[in-house]
Amino acid sequence: MEVTRGIDGSKKIHLFLSQFLLTWINLSDSQVLYEEISIPSLHPRTFYLSPNQEFQVISQVLCEGLPCPEYTITHDYPYFIQQRNYRAFTFMKLTSPLSCQIKLTLNEGKKRMSNYIKGANNREQIYSSTLPLLIEVEHTGSKSTNPWCRMSYSANFYTPHFWGIVATPNEIVPEFGDFPDNLRVYVRTFNGKVEDVLLREIELFRRNLDNIGLCYKKTKFYVAIYNIPHNPYDSRNELWFIRCTK
């Protein structure tokens, strides 16, 4: 008797659901299950940075907050190539050009820069670290079979404008150079010891620039070395090829 009563109850529920579904199916065409939500069109939130603000953001990432030359990014190309426009800046020459001696140039440049900012100058003034150590590379026209000896290398380091008239270094004859305002540079970032990977990186960078059809100066370029004193694992290197002026 109890079983029969349970079955009758199930039939009643089934009949009720069937009638409900039939009623829902017979709804008029004007009724829909999901109505379109009426809201204003949404737009992504946008904001603009001034050149100074843009560089402050970039410098925190690239230079870890240390002084470095100011620039804006104007274009990103395939092969992770970036075009930058640099503002005018000054650098101190640390070594004279040397052929073949890339490793010596790197070591002497790092040592002299470190000594200078730690007080090896006529005022015994202490300066903050700056970035990058900038290696100027120039093709000499040599026919040497040693590819390192077809180029000369000299080390320089960035001296910020807010240093004013800088102290005279003890180890070298003071000599300064300037990069002009709005200097347009193609940049490739790479890791590893410069003396181990530079030749490969130069060839790869040139090949990629040629594939894209970008014009660059072929006789002189720069290697920018970003050694982060307080975060060595974030150190990196860059190749700077100067864009042709047309």
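1. Helix H3, residues 102–117, has 16 residues and spans 23 Å from its first C-alpha to its last, close to the 22 Å expected at 1.5 Å a residue; the expected span is 1.5 Å times one less than the number of residues. Helices (H or I, at least four residues) and strands (E, at least two) are DSSP runs numbered from the N terminus. This is a predicted model, in which local features need pLDDT of at least 70 and side-chain atom pairs count only at pLDDT 80 or more, while totals for chains, interfaces and linings use all residues. Residues are numbered from 1 along each chain as its sequence is written, and side-chain values use heavy atoms, with hydrogens and water left out.

2. The buried residues of H3 are Ile102, Thr105, Leu106, Gly109, Met113, Tyr116 and Ile117, where buried means under 20% relative accessible area, exposed over 50%, and partly exposed in between (1.4 Å probe, protein chains only). Seen down the axis of H3, these buried residues fall within an arc of 115 degrees, so they line one face of the helix; the arc is that of the directions from the helix axis to the C-beta atoms.

3. The cover over the buried residues of H3 includes strands S3 (89–93), S4 (98–99), S5 (133–139), S6 (151–159) and S9 (220–226), together with helix H4 (194–212), contact being heavy atoms within 4.5 Å. After H3 comes Gly119, which has a positive phi near 120 degrees.

4. The count of disulfides comes to 3, a disulfide being a pair of cysteine sulfur atoms within 2.5 Å. With the bonded cysteines numbered in sequence order, the pairing is 1-2, 3-4, 5-6.

5. Cys63 and Cys68 form a disulfide with their sulfur atoms 2.1 Å apart, and both cysteines are buried. The torsion about their S-S bond is about 100 degrees, so the disulfide of Cys63 and Cys68 is right-handed.

6. The disulfide of Cys100 and Cys149 has its sulfur atoms 2.0 Å apart and is right-handed, with 130 degrees about the S-S bond. Cys100 lies in the loop between S4 and H3 and Cys149 in the loop between S5 and S6, so the pair ties together parts that are 49 residues apart in sequence. Cys100 is partly exposed at 29% relative accessibility, whereas Cys149 is buried at 14%.

7. Cys215 is joined to Cys244 by a disulfide, S to S 2.0 Å, and this link is left-handed, with -75 degrees about the S-S bond. The pair links distant parts of the chain, 29 residues apart, with Cys215 in the loop between H4 and S9 and Cys244 in the segment after strand S10 (236–242).
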